[in-house]
Amino acid sequence: MVNARQKTEKLENLRKTYELGGGQKAIDKVHEKGKLTARERIEKFVDAGSFREFNLWGQPTRTGFDTDLRDNPGDAVVTGYARVDGRSVCVYAHDFTILGGTQASVQYWKTCKVMDTAVRLGVPYIGLVDSGGVRIQDAFGVNAGPGVSRNADVWYSPSVASGIVPSISLTLGASYAGTAYSPFLADVFFMVDRPYCYMSLSSPELLKSVTFQDVTRDEIGAPQLHAEVTGSCDYLGETEEDVLQKGRELLSYLPSNCREKPPMLDMGDDPLRTDEGLIDLISRDDANTYDMHEIIERIVDKGKFLELKREYAKNIIVGFARLGGRSVGIVANNPMVMSGSLDLRATEKEARFIRYCDAFNVPLAFLVDTPGFVADPNQEREGLARHTAMASYAICEATVPKIVLYIGRCFNNGQMAMGTRLMGVDAVLAWPTADIRYTDFDESVEAIYGRSKDKIDPEDLEEFSRKYFDSPKYPASLLMVDDIINPKDTRPILIDFLEIAEKKDIVAPEKKHGNMPL
């Protein structure tokens with residue numbers, strides 16, 4: 001008879017074997033490509049010694065194929081609990097050393113368990129993606145467990161979790177077919193800019209068999225493609241360690257679930273700090289050359305700003321920072337790109353970020369300098385009007401504290417995309433350099449005087465411009481602006497507002513959900 005000590009020792013030895021995944025040779029092959037293994041990625045992402053694995057003992061459904069002839073522990077995915085900066089999370093990581101990390105019924109069940117458990121516990125979940133897609137053999141297997149009947153949950157579970165707990169998808173390797181859906185079902189999607197990382201629904205071979213066209217893997221799924229062209233990638237890192245660290249950083253700005261507020265974090269930056277140099281960043285003679293990133297970095301705690309979708313729709317900037325230790329979502333126009341004009345890609349990027357912040361109780365600060373929407377017939381045909389409505393909808397829907405700061409221009413309907421008092425904004429401020437107007441100057445002159453400006457007395461024209469267009473004083477007199485502030489005081493004023501608005505509590509009318517234009 002085997003006693004308890006012998007049984008324990010036997011299982012502990014088997015555990016060590018299973019934790020090697022596909023074995024040392026498979027691990028060596030992964031390392032030869034410059035990649036980390038699933039467990040190495042988890043170890044670098046979570047707090048040291050905090051990972052507690054579940055379902056290590058799971059095995060794939062029996063299929064009758066050669067995959068049955070060896071152990072495939074965990075069905076090619078590592079799942080469990082952990083902590084990040086002392087806060088609880090759930091995590092899964094595809095194990096490429098086992099059958100190329102391919103997706104199958106038991107793996108589906110395990111990853112869905114991570115998501116469902118995260119919702120029940122009210123904690124974030126993180127997916128470390130590296131999978132060759134769906135395992136074809138699994139489709140012919142015998143229903144020997146709960147996984148087969150729950151394949152659809154890999155789409156259902158993240159959709160249910162959305163908006164309840166934060167979710168992050170870090171794609172660090174292959175992402176084909178079914179695996180390529182999962183990043184889009186998470187709140188954010190990071191990728192590593194390495195040759196072994198890519199994401200597409202179809203492989204080049206499959207596409208050629210259908211279209212008879214040769215395409216490369218990079219042409220349809222390279223990280224740069226998703227960062228710059230499709231806009232799918234929220235952060236593009238140079239190394240796996242970089243991506244994992246940015247994932248940790250992102251979590252620090254977010255609460256564990258939608259019922260909590262983001263954690264405070266004292267960065268050691270004086271909340272009363274002023275900056276005499278802010279006003280010098282904007283030149284009246286050449287107002288389109290200053291870098292909005294520099295303004296953001298000089299205002300926020302320790303200049304630390306986590307920008308999302310930096311390579312996509314560069315005419316608008318979105319990301320997370322802290323003001324006085326409080327997490328805040330920044331939405332800012334970028335005058336250095338397209339003069340800060342708004343187009344369909346920028347407004348879609350803005351709308352998604354606003355809803356992300358609102359879902360997890362992160363206040364919003366809008367830094368405004370835009371001439372309005374682009375005048376582009378091609379974009380009109382692509383649905384510019386529908387996309388611009390997304391930004392307005394998201395601002396009006398958001399119930400978190402919202403503050404607008406006019407730094408430079410805000411012309412025409414650009415105000416509808418950057419927020420106004422009538423859209424539920426809680427405070428509207430302006431620098432003396434702000435230029436806020438509903439109409440173009442020349443159009444206004446012609447409408448008021450009934451003739452073009454070249455036929456009007458220059459003194460009358462100068463007086464008209466000075467009264468209505470050269471200062472935020474006139475918009476302030478119409479209550480469009482709450483206060484005109486000295487730029488040097490921007491940081492303490494924003495921090496003060498966030499503290500005042502800390503207890504803002506708006507209960508939206510009960511309904512199933514709004515129908516945002518998508």
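Me: In this predicted model, buried means under 20% relative accessible area, exposed over 50%, and partly exposed in between. Is Tyr108 buried or exposed?
Reply: The relative accessibility of Tyr108 is 6%. The cut-off for burial is under 20%. Tyr108 therefore counts as buried.

Me: Nine aromatic pairs are counted. Which class, stacked, edge-to-face or tilted, does the pair of Tyr108 and Trp155 belong to?
Reply: The ring centres of Tyr108 and Trp155 lie 6.4 Å apart, with the planes at 45°. Planes under 30 degrees apart count as stacked and those over 60 as edge-to-face. The pair of Tyr108 and Trp155 is therefore tilted.

Me: How many residues apart are Tyr108 and Trp155?
Reply: Tyr108 belongs to helix H4 (residues 105-121), and Trp155 to helix H5 (residues 153-161). The pair thus links distant parts of the chain, and the separation is 47 residues.

Me: Which class does the pair of Tyr356 and Phe360 belong to?
Reply: Tyr356 is buried at 7% relative accessibility, and Phe360 is buried at 1%. Their ring centres are 6.2 Å apart and their planes stand at 90°. Since planes over 60 degrees apart meet the criterion, the pair of Tyr356 and Phe360 is edge-to-face.

Me: Which residue of strand S15 stands opposite Ala430?
Reply: Ala430 is buried on one side of strand S13 (residues 427-430), together with Val428. Strand S13 runs parallel to strand S15 (residues 483-484), and two bridges join them. The residue of S15 opposite Ala430 is Ile484.

Key. Residues numbered from 1 in each chain as written. Predicted model: local features only at pLDDT ≥ 70, side-chain atom pairs only at ≥ 80, totals over all residues. Heavy atoms only, no water. Buried < 20%, exposed > 50% of the residue type's maximum accessible area, 1.4 Å probe, protein only. Helix = DSSP H or I, 4+ residues; strand = E, 2+ residues; numbered from the N terminus. Pairing = 2+ DSSP bridges. Phe/Tyr/Trp six-rings, centres within 6.5 Å; stacked < 30°, edge-to-face > 60°.
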